[in-house]
Amino acid sequence: MTGSGTPLLFLDVDGPLIPFGAPPPGGYPTYPGPGPYDNPLVARVDPALGRHLLALPCELVWATTWLEDADDCLSPRLGLPQLPFVDWPMTDDEDGGHGGPPHWKTRPLLAWAAGRPFAWVDDEIAPADRHWVEAHSPAPALLHRVDPQVGLTDTDFATLDSWLRAVS
């Protein structure tokens with residue numbers, strides 16, 4: 001049945017988990033955690049985010065250009081099991097930005113969901129993505145944009161939890 005099954009949560013890394021951009025006064029907080037890792041920005045990933053992610057009523061899927069490196073580097077830090085990841089197809093689609101065609105991730109995520117409800121957490125979601133998903137998704141979808149300078153917050157988790165429970 002279209003729209004059935006446990007909802008998916010497609011999770012980007014840069015922005016939602018690793019804040020970036022102009023740092024707040026005093027700089028970004030860093031957290032001790034499992035290493036080693038080559039990317040110094042990984043220290044910005046708060047390990048406590050993992051328990052919040054695991055508490056959500058969904059199947060977590062990496063939706064990042066980190067691909068399987070997200071499992072190798074971030075899953076242990078967050079206390080997550082190995083997660084599936086979207087293996088992005090080669091495409092000539094342009095980045096959707098704020099008004100043009102949808103973001104290059106949008107179509108592959110909808111295909112990966114295969115009719116299941118999904119939430120997509122990213123810092124690059126734009127109106128073109130929302131319009132495209134509304135027009136093409138047979139199941140409920142939540143495109144949740146995160147402020148990349150802040151990353152995921154308690155408010156974001158409350159929004160995601162409420163929406164995921166409503167479609168479960």
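Author: One definition comes ahead of the questions. A polar contact is a pair of N or O atoms within 3.5 Å; within protein, one must be able to donate a hydrogen and the other to accept it, and residues adjacent in sequence count only if both atoms are side-chain atoms. This is a predicted model, where local features need pLDDT of at least 70, side-chain atom pairs count only at pLDDT 80 or more, and totals for chains, interfaces and linings use all residues. Residues are numbered from 1 along each chain as its sequence is written, and side-chain values use heavy atoms, with hydrogens and water left out.

Reader: With which side chain does the side chain of H103 make a polar contact?
Author: H103 sits in the loop between α2 and α3 (106-113). Helices (H or I, at least four residues) and strands (E, at least two) are DSSP runs, numbered from the N terminus. H103 has a relative accessible area of 1%, so it is buried (under 20%; exposed is over 50%, partly exposed in between, with a 1.4 Å probe and protein chains only). At 2.6 Å, its side chain meets the side chain of E124.

Reader: What pattern does the chain follow along the sequence?
Author: The chain has five helices and four strands. Read in sequence order, they give β-α-β-α-α-β-α-β-α.

Reader: What percentage of the residues in the chain are buried?
Author: The accessible surface comes to about 8,200 Å², by the Shrake-Rupley method with a 1.4 Å probe, where for residues only the protein chains shown count as cover. Carbon and sulfur atoms own 55% of that surface. Of the 168 residues in the chain, the buried share is 45%.

Reader: Why is strand β3 (residues 118-122) largely enclosed by the rest of the structure?
Author: Look at both faces of β3. On one side, F118, W120 and D122 are buried. On the other, A119 and V121 are buried. Strand β3 is largely enclosed because its buried residues number five of five.

Reader: Which residue in β4 is the bridge partner of V121?
Author: Two strands pair if DSSP finds at least two bridges between them. β1 and β3 run parallel, joined by four bridges, and L8 stands opposite F118. β3 also runs parallel to strand β4 (residues 141-145), with five bridges. There, V121 is partnered by H144.

Reader: Which hand does the β-α-β unit of β3, helix α4 (residues 127-136) and β4 have?
Author: View the unit with the strands pointing away from you. If the path from the first strand over the helix to the second runs clockwise, the crossover is right-handed. For β3, α4 and β4, the unit is right-handed.

Reader: Is V61 buried or exposed?
Author: V61 belongs to strand β2. Leaving aside neighbours within four places in sequence, its contacts (heavy atoms within 4.5 Å) include L8, F10, V86 and W112. V61 and V86 are 25 residues apart in sequence, yet 7.2 Å apart in space, C-alpha to C-alpha. With a relative accessible area of 0%, V61 is buried.

Reader: Which residue has its backbone nitrogen 3.1 Å from a polar atom of the side chain of T64?
Author: T64 lies in the loop between β2 (59-62) and α2 (69-78). Its relative accessibility is 1%, so T64 counts as buried. Not counting residues up to four places away in sequence, T64 touches L11, D12, V13, A70, W88 and K105. The backbone nitrogen in question belongs to W66.

Reader: How far apart in space are P47 and Y31, C-alpha to C-alpha?
Author: P47 is in the loop between β1 (8-11) and α1 (49-55). Its relative accessible area of 25% makes P47 partly exposed. Among the residues P47 touches are Y31, P32 and R77. P47 and Y31 are 16 residues apart in sequence, and their spacing in space is 7.4 Å.

Reader: How many disulfides does the count come to?
Author: A disulfide is a pair of cysteine sulfur atoms within 2.5 Å. C58 is buried, at 16% relative accessible area. C73 is buried too, at 18%. By the sulfur rule, the count of disulfides is zero.

Reader: What is the phi of A114 near?
Author: Most residues other than glycine have a negative phi, and most peptide bonds are trans. A114 is in the loop between α3 and β3, exposed at 65% relative accessible area. Its phi is positive, near 50°.
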